[in-house]
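This briefing sets out selected side-chain features of the model shown below, grouped by topic for reading alongside the coordinates. Please keep in mind throughout that the model is predicted.

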Amino acid sequence: MIKDYIIENIWSIISVIPLFSLFFRKVREKILDIYACIFSVRLYTRRYYDTFFMTKRIKSAKRFVRVVCVRNERISHSDVVEAIREFIENNKDCLMEIFAISPELDDCVLIQIMKTLPNPPEDVTTMREQIKTYKECLKAMVNRLSQNDKRKIFYYEYKALPLIHLCQFDHIVYLGFQMFQRNEVENESLLKYAIKIRINTRIGKLYLKQLEDLKNNNTLTTQIDLTC
């Protein structure tokens with residue numbers, strides 16, 4: 001009986017299928033948008049990239065910590081350096097990667113970078129010396145590690161105006177706005193904001209590819225031996 005009904009009304013049924021298809025496609029797209037908002041990409045608005053933020057998340061990480069920063073001041077703070085040491089020593093198969101600007105950048109580039117910093121140095125010469133001093137803090141920590149643990153940390157310097165600021169802790173990436181010109185009005189500043197991304201999403205996978213490209217670009221990026 002049902003078979004006969006379908007045969008008799010086959011053209012009516014076929015004519016309705018595109019409407020159902022369109023409806024379900026719109027519903028599916030809406031569900032994916034909601035999923036992305038909840039689980040994939042979110043706005044983070046609390047204390048991005050201060051010492052508390054860094055130490056808390058490094059201590060909770062188990063596998064990966066990656067930081068692409070402007071200068072290396074925050075990552076060389078004593079509390080953060082100690083958290084890095086604990087992360088490396090307490091996790092067998094972990095990886096720590098730090099990307100920071102090179103002190104050998106041209107003056108004009110360093111001047112532009114200084115405009116984005118919360119507490120910029122007085123001049124370019126001081127800026128260069130600070131970058132070197134902060135790096136020495138990391139070197140001192142690395143030289144206290146065992147030979148095996150020294151292989152878990154990598155430090156890269158890039159020789160161009162930085163385009164992104166981000167931190168990765170295991171499967172979560174925080175993409176910051178540190179490259180924007182500073183706004184002295186606190187409630188109008190973007191410095192405290194970040195975009196929170198899961199690395200198993202499409203944009204997360206693109207981030208990983210971009211980071212690998214940056215790492216492997218010998219003209220822009222140089223790996224620095226922190227054991228020297």
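The side chains of E97 and K215 meet in a salt bridge, with N and O 2.8 Å apart. This pair links distant parts of the chain, since E97 belongs to strand β3 (residues 95-101) while K215 belongs to helix α8 (residues 202-216), 118 residues apart. Both partners are buried, E97 as well as K215.

- Besides its bridge to E97, K215 forms a salt bridge with E212, in which the closest N and O atoms are 3.0 Å apart.
- K215 and E212 are separated by about one helical turn, because they lie 3 residues apart in helix α8.
- With a relative accessible area of 14%, K215 is buried because the value falls under 20%, whereas E212, with a relative accessible area of 33%, is partly exposed.
- Salt bridges that share partners join R66, E97, E212 and K215 into one network.

**R66 and its surroundings**

- R66 is found in strand β2, which covers residues 64-68, and its side chain makes a polar contact with the side chain of E97 at 2.9 Å.
- The relative accessible area of R66 is 8%, so this residue counts as buried.
- Leaving aside residues up to four places away in sequence, R66 touches L95, E97, L166, C167, Q168, Y207, L208 and L211.

- R85 and E82 are separated by about one helical turn, because they are 3 residues apart in helix α4 (residues 78-90).
- Are R85 and E82 buried or partly exposed? R85 has a relative accessibility of 19% and therefore counts as buried, because the limit is under 20%, while E82, at 31% relative accessibility, counts as partly exposed.

**V80 in helix α4**

- V80 is also found in helix α4, and its relative accessibility is 0%, so V80 counts as buried.
- Which residues does V80 touch, if those up to four places away in sequence are not counted? The contacts of V80 are with T51, M54, T55, I58, R74 and I75.
- V80 and K56 are 24 residues apart along the chain, and their C-alpha atoms are separated by 9.0 Å.

**Aromatic pairs**

- The structure holds 8 aromatic pairs, and one of them is formed by Y48 and Y49, whose rings lie 5.9 Å apart, centre to centre.
- Y48 and Y49 are both buried.
- Ring pairs also link Y48 and Y49 with Y44, F53, F169 and Y174 in a cluster.

Methods:
Residues numbered from 1 in each chain as written. Predicted model: local features only at pLDDT ≥ 70, side-chain atom pairs only at ≥ 80, totals over all residues. Heavy atoms only, no water. Helix = DSSP H or I, 4+ residues; strand = E, 2+ residues; numbered from the N terminus. Buried < 20%, exposed > 50% of the residue type's maximum accessible area, 1.4 Å probe, protein only. Polar contact = N/O pair within 3.5 Å; in protein donor to acceptor, adjacent residues only side chain to side chain. Contact = heavy atoms within 4.5 Å. Phe/Tyr/Trp six-rings, centres within 6.5 Å; stacked < 30°, edge-to-face > 60°. Salt bridge = Lys/Arg side-chain N within 4 Å of Asp/Glu carboxyl O.
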